[in-house]
Amino acid sequence: MRFVIAAAIALAIALFCTKTIKNTPFILYACALLADALYAYAIIAGANGGFWTIFLPLIQRCTLAMAFFAIVMLTGVFKDGSTAKSKLMPIRRQLSITAAILASCHVVFYAQTYIAQIAGIVSGNASQSALAANLFVSLGISLLITALLAMLTATSFVAVKTRMHAATWKKVQRFAYAFYALVFVHLAIILMPPALAGKDAALESICAYTALFLAYAGLRIRRYVLDVKRAYTTA
């Protein structure tokens, strides 16, 4: 349910603010930064209830960022000439940068969690030590995701892209596939245990993300097959 809300918000912004996003993307970036600032305020002030009950998980659990990433992912594999692709492709870069800005709060929040858990292991806490292997696997994946996100976001800015050779830029952007794959693995590691324990929110989330990534994988394979056929027939 939470991801559905986030997807509705992201899609509404993308569809109804397309012209503004394309011409003045910094307005959208500023809104994303404002959302991050509101999140930071809520955490520091201990805000809860009402609006915060809905807003905080969308930012802290990277749900809103993932909704924007979902649009970026799917737009790339939509049929050429389709209404959706024609509408969204011109703002795909801006949406990915917005998603990265929103994801920064998630990175910072859970970095603190990892640091606390590692401190527990170093201090010899038995309960933490028992989880050391899983912790370091999860941490390793998280670090890779963060590094890929930083690289892909940096090269999404026009100022950086124009200073790169076109072929090099395309090679860097292909790391997006590794990023998406690692994100799904990360989500599965985080959500599967509570989902198997019967937590409804986790179960709903893992089902929603699995459906999203399966849809993307299917469309990506279909797009690849069509591209190969097109190249073969025009050769």
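**Entry 1: the second largest pocket**

I note at the outset that this is a predicted model. I began with the second largest pocket, which has a volume of about 800 Å³. I counted 30 residues in its lining. Nearest its centre I found Met89, Arg92, Trp169, Gln173 and Ala176.

Which helices each supply at least two residues of this lining? I listed α5, α7, α9, α11 (166-173), α12 and α13. By class, I sorted the lining into 15 nonpolar, six polar and nine charged residues.

**Entry 2: the largest pocket**

I turned next to the largest pocket. Its volume comes out at about 1200 Å³, and 41 residues line it. His106, Tyr110, Tyr114, His186 and Ile190 are the lining residues nearest the centre.

I checked the helices here too. At least two lining residues come from each of α1 (2-16), α5 (63-75), α7 (92-122), α9 (132-154), α12 (175-196) and α13 (200-234). The class count for the largest pocket is 28 nonpolar, eleven polar and two charged residues.

**Entry 3: helix α5**

At 1.5 Å a residue, the 13 residues of α5 should span 18 Å. The C-alpha atoms at its ends are 18 Å apart, which agrees.

**Entry 4: cysteines**

How many disulfides does a search of the whole structure find? I got zero. I wanted the reason, and looked at two cysteines.

For Cys31, the closest cysteine sulfur is in Cys17, 8.7 Å away. That is too far for a bond, because a disulfide needs the two sulfur atoms within 2.5 Å. Cys31 counts as partly exposed, at 45% relative accessibility.

For Cys105, the closest cysteine sulfur is in Cys62, at 9.5 Å. That is again too far for a bond. Is Cys105 buried or exposed? I noted it as buried, at 9% relative accessibility.

**Entry 5: aromatic pairs**

I searched the whole structure for aromatic pairs and found twelve. One of them joins Phe26 and Tyr29, with 5.3 Å centre to centre and 85 degrees between the planes, an edge-to-face pair. Both residues lie in helix α3 (residues 25-45). They are three residues apart, about one turn of the helix.

I compared how the two partners are placed. Phe26 counts as exposed, at 60% relative accessibility. Tyr29 counts as buried, at 5%.

I then looked at Tyr180 and Tyr216. Their ring centres are 5.5 Å apart and their planes stand at 75 degrees, so this pair is edge-to-face. The angle qualifies because edge-to-face means over 60 degrees. Where in the chain do Tyr180 and Tyr216 lie? I placed Tyr180 in helix α12 and Tyr216 in helix α13, 36 residues apart, so the pair links distant parts of the chain. Tyr180 is buried, with a relative accessible area of 8%. Tyr216 also counts as buried, at 8% relative accessibility.

**Entry 6: an aromatic cluster**

Tyr41, Phe51, Trp52 and Phe55 form one aromatic cluster.

Terms used:
Residues numbered from 1 in each chain as written. Predicted model: local features only at pLDDT ≥ 70, side-chain atom pairs only at ≥ 80, totals over all residues. Heavy atoms only, no water. 1 Å grid on protein atoms, 1.4 Å probe; cavity = no way out; pocket = protein on both sides within 12 Å on 5 of 7 lines; lining within 4 Å. Points joined across faces, edges and corners; volume = space filled by probe spheres on them. Helix = DSSP H or I, 4+ residues; strand = E, 2+ residues; numbered from the N terminus. Nonpolar A, V, L, I, M, F, W, Y, C, P; charged D, E, K, R; others polar. Buried < 20%, exposed > 50% of the residue type's maximum accessible area, 1.4 Å probe, protein only. Expected span 1.5 Å × (residues − 1). Phe/Tyr/Trp six-rings, centres within 6.5 Å; stacked < 30°, edge-to-face > 60°.
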